[in-house]
Amino acid sequence: MSETTSKTEITFEDFKQEVLNDYKIALISRECSLLGRKEVLTGKAKFGIFGDGKEVPQLAMAKAFQNGDFRSGYYRDQTFMMAIGELSIQQFFAGLYGHADLAHDPMSAGRQMGGHFTTHSIDENGNWKNLTQQKNSSADISPTAGQMPRLLGLALASKIYRNVRGLEDFSNFSNQGNEVAWGTIGNASTSEGLFFETINAAGVLQVPMIISVWDDAYGISVHAKYQTTKENISEILKGFQRDEDNKGYEILTVKGWDYTSLVATYEKAAEIAREEHVPVLIHVTELTQPQGHSTSGSHERYKNSDRLAWETKIDCIAQMRIWLLENDLATTEELEALENSSKKEVMEGKKAAWTAFVLPMKEEQKELASLLNVIAVSSANKVFLEKQANDLISLKEPLRKEIMITARKALRLLSNENGKHQLATWITNYSNKTQPRFSSHLFSQSEKSVIHTTEIAPIYADNDEVVDARMLLRDNFDALFSKYPEVLIFGEDAGAIGDVNQGLEGMQEKYGELRVSDVGIREATILGQGIGMAMRGLRPIAEIQYLDYLLYAIQIMSDDLATLQYRTRGTQKAPLIIRTRGHRLEGIWHSGSPMGMIINAIRGIHVLVPRNMTKAAGFYNTLLETDEPALVIECLNGYRLKEKMPTNLGEFKTPIGVVETIKIGTDLTIVSYGSTIRIIEQAAKELLEAGIDVEIIDAQSLLPFDINHDCVKSIIKTNRLLVIDEDVPGGASAYLLQQIIDEHNGYQYLDSQPQTLTSKAHRPAYGTDGDYFSKPSAEDVFEKVYAIMHEAKPDKFPSLY
């Protein structure tokens, strides 16, 4: 697929050739949509959602899009991707079929349905490519408006690269901040809160962002009158329009079928955003959706005959065809030839994609069938095995699921025969080869993965200076800002006052407002701001003021950040660090510990739960040497506690996935984390007085957890286990128990029932008494451990109640 070109001075013949090339790209894209729908309806593909009706405005967008720029869009943008040369016909259909091979479906290797586009930012070793020498698309997600928060960060990165000193060596990521971030969204999705939050944030920050709203007057089957006030997004956003006295947006409107106006509009928008670093909104109206929302339904069900007739007339490709003829840019014969050749190219590309998709599976089908026939010769179940082989080989277009089902069912027939081992080996090898196609790259597989980090202990001077823990954290951040010019931190109250707990005291004054920044109350776009900047080579630390407020951002964390490496099969990354604080204060909204929800929502992000600020600082130091995202939860009640000040600030590293035994004992193993550790340590002293010696293990990180299986090594000694945390019952404690007992096989060493001690099911009530009667106390820990020991040794430990 040849990409569109944009020239300032060209001859008429050059201009003619360029617009005809655009027209052909539009034709090819439309034919892909039409044929793609047929592939779904005939069963070759599972689901289709296409960009038909949006072709011409996307051609105009592609003309203004330059190397180094980034797109953050949604599943209608296939024409744009074709126009910039990043999506071929065969790749389009490979994505539709779910071809689990990056060489055929470079968008996601079959992990996302078609229409979700990306380019490759990192190579096969996990190293950054030169992003300024290619056109970039951040990986799409399906949740509507979910692309918006990330768009903010992609644009803000240009502002950082243009204005922050020390980044001159980062020329692979930016050309002096000259890059524009381009967003696309459907008109109905502008109803989402993420859209408005991003629009407001970009207006405040004044970043080079261009957002295109593709307006076809519907959201699935629901008309715009139910979606948008005044049925017009640009009309209701007029208050954002900049003027002589106020910064804001440049808001432009253009009809989606008007090729020349579209080209001019996008050129104007690009010039404003690129040169002035001003956000631009382009409202593209009078668009159509010829096949409806997706293959799940038909638009004839919700559009009347007048609307359908209007859409046929105003269709952007039909209008471009009229324009070409009226301006003598092509004859009818020339256009018909283009249209016919486009249909032929798409058909050939579709056939090639299908052949490439089914051929490997046909080979695997033959391989298993042959093996089953060989094994059947000496089997008592010969007839049944041969039937399974014949049934398998009769499948004209087998899937790997069907191949695996046949093999596993055949194995049941060989439970007492010699052929069992041969088939079992085949199944194991096949699974080991196939499973990674669908499961790899949840985390980084590069040399910068957290699993390759090495612990470096804090070093202390002879005088053992003791300070408020927040000062240790502050001075460690100071060391990191000095060491890494690409590190920046932002959050509510993070800048001028140095965060609410003074962990950043004086840092903004020292490093400037762009590196240590205050932001508005907008958690979702704080996260998105960090994701976008991390995707462009910066090392942002996004601060969410309290753990309870993480819920505002959990959708972005779960759907975008946590899945990024997975859904691109390791071709994009965003090593964002999320900083927050929680646990053990007082009241519903500032002392929650919803860890079970968090760890199960954000698989793909490391979750770190340091018990003090030395451990937290060590985690930040470790993470900045890796290429993976992580959430660090500092203890909210730990900032004023005293800790020793290390001399190797910025250098000592807390290991990730490694537990720490902080008290050795013989009677029972207690596993916990965070602020609860201090409660347990207090109870342990009282238990020792009662003759019970517990071993205390600090999990330190929940994702990953105990990669060395040290908890089981402790259980081998104590034969008893108690997991304690301040999440709700069945939350993170259930996860830890599952890991220790099930995943790490700790069950076989237990002499007593493994138990948990958690908070109550409700959120913690306000006040000191509210905390005591809501969350585990030292007395709760004492009595829980004592009851376990009473069951084991009732004579030595008589019942307390």
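A salt bridge here is a side-chain nitrogen of Lys or Arg within 4 Å of a carboxyl oxygen of Asp or Glu. With that in mind, let's walk through this predicted model, where a search of the whole structure turns up 47 salt bridges.

Start by selecting E505 and R470. Their side chains meet in a salt bridge, with N to O at 2.4 Å. E505 sits in the loop between strand 10 (487-491) and helix 17 (507-511), while R470 belongs to helix 16 (residues 469-483), so the pair ties together parts that are 35 residues apart in sequence.

Now move to D22 and K63. The closest N and O atoms of this salt bridge are 2.9 Å apart. Again distant parts of the chain are linked: D22 is in helix 1 (residues 12-41) and K63 in helix 2 (residues 55-64), 41 residues apart. Are these two side chains buried or exposed? D22 is buried, at 0% relative accessibility, and K63 is buried too, with a relative accessible area of 9%.

For a pair within one helix, select D391 and K387. This salt bridge has an N to O distance of 2.7 Å. Both residues lie in helix 12 (residues 382-393), and because they are four residues apart there, about one helical turn separates them. D391 is partly exposed, with a relative accessible area of 39%.

Finish with a group selection: D499, E543, R579, R581 and E634. Salt bridges link these residues in a network.

Methods. Residues are numbered from 1 along each chain as its sequence is written. This is a predicted model: local features need pLDDT of at least 70, side-chain atom pairs count only at pLDDT 80 or more; totals for chains, interfaces and linings use all residues. Side-chain values use heavy atoms; hydrogens and water are left out. Helices (H or I, at least four residues) and strands (E, at least two) are DSSP runs, numbered from the N terminus. Buried means under 20% relative accessible area, exposed over 50%, partly exposed in between (1.4 Å probe, protein chains only).
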